[in-house]
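Have the viewer open while you read.

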Amino acid sequence: MTYIFAHRGSSKDCPENTMAAFQKAFKDGADGIELDVQLSKDGVPVIIHDEKIDRTTNGKGYVVDFTQDELARLDAGSWFSKEYSKESIPSLQQFLEWIAPLPMLLNIELKNNIVEYNGLEEKVLQLLHHYGMMDRTVISSFNHYSLVKIRRLNRYVQTAPLYSSGLFEPWEYVKAVCSQSAHPNYKSLHPYIMKGFKRNNIPVRPYTVNSQKWMKYFFEWNIEAIITDYPILARDVLNSLPP
Ligand code: G3P
Ligand code: MG
């Protein structure tokens with residue numbers, strides 16, 4: 001059975017990467033949550049997608065130039081809708097405290113492909129360990145050096161390279177970066193690529209699958225998981241297919 005991961009939470013209906021979006025994902029029946037992590041000026045892992053706070057908060061500038069306290073005071077919901085004006089940028093710790101007792105999977109994307117965040121890998125591992133989330137979390141990144149690094153720090157952590165266009169024999173690439181699964185852009189997953197992944201027993205979790213047509217395609221391949229902004233729709237599509 002294919003798992004449904006909520007991309008930045010249920011980001012079609014709520015402001016992305018906020019507790020409101022994560023809580024909605026749980027209510028929507030998502031099996032897991034995908035979120036993006038960066039470091040604040042004082043070295044705290046915080047959940048936000050862009051390297052700058054401009055698009056999704058009422059502030060301006062780079063995440064790395066604000067302390068966690070300053071980031072937590074920003075309004076991270078009004079850009080989406082006034083009703084979410086009390087939403088803020090969660091810290092990873094705040095999020096883990098919420099998810100740890102719930103039966104959910106987790107995909108942490110290390111957003112370190114533009115800004116270099118020294119110590120991000122160590123801090124994320126430490127928090128996952130503290131909250132007992134290690135064995136239901138997969139770490140992904142577009143920075144594949146970071147994936148190799150995190151595997152060297154902990155040889156049990158599950159990792160997956162993110163990539164946006166066609167790689168040659170991507171299942172070989174996954175092994176080359178010491179990962180166990182792949183997180184490609186969904187459009188690169190032609191049937192011959194799907195077959196290669198299956199032959200090599202590499203689980204695949206494509207992003208960002210938002211149309212019914214593509215959801216159906218991946219469910220019929222019995223893919224490991226899809227990452228979607230719209231988990232409630234994915235659940236409906238999955239339930240409508242013959243067993
Ligand atoms: O992790 C899947 C997806 O989130 C990767 O792209 O830009 O949405 O973080 P992005
Ligand atoms: Mg992401």
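What follows covers the metal first, then the ligand.

This is a predicted model, where local features need pLDDT of at least 70, side-chain atom pairs count only at pLDDT 80 or more, and totals for chains, interfaces and linings use all residues. Residues are numbered from 1 along each chain, chains are lettered from A and ligands numbered from 1 in written order, and side-chain values use heavy atoms, with hydrogens and water left out.

Let's start with the magnesium ion (ligand 2): Glu34 (OE), Asp36 (OD) and Glu109 (OE) coordinate it at 2.0 to 2.2 Å. Donors here are N, O and S atoms within 2.8 Å of the metal (3.2 Å for Na, K and Ca), and sites may look incomplete because water is not among the atoms. Along the chain, the donors are spaced as E-x1-D-x72-E.

Are Glu34 and Asp36 buried or exposed? Glu34 counts as buried because its relative accessibility is 3%, and Asp36 is buried too, at 0%. The cut-offs are under 20% relative accessible area for buried and over 50% for exposed, with partly exposed in between (1.4 Å probe, protein chains only).

Now for ligand 1. The residues around it (a heavy atom within 4 Å) include Arg8, His49, Lys111, Phe142, Leu162 and Tyr207. The shell splits into three nonpolar, two polar and five charged residues.

| Residue (polar side-chain atom) | Distance to an oxygen atom of ligand 1 |
|---|---|
| His7 | 2.8 Å |
| Glu34 | 2.6 Å |
| Glu109 | 2.7 Å |

Taken alone, ligand 1 exposes 290 Å², and the protein buries 91% of that (Shrake-Rupley, 1.4 Å probe).

Methods. A polar contact is a pair of N or O atoms within 3.5 Å; within protein, one must be able to donate a hydrogen and the other to accept it, and residues adjacent in sequence count only if both atoms are side-chain atoms. Ala, Val, Leu, Ile, Met, Phe, Trp, Tyr, Cys and Pro count as nonpolar, Asp, Glu, Lys and Arg as charged, and the others, Gly among them, as polar.
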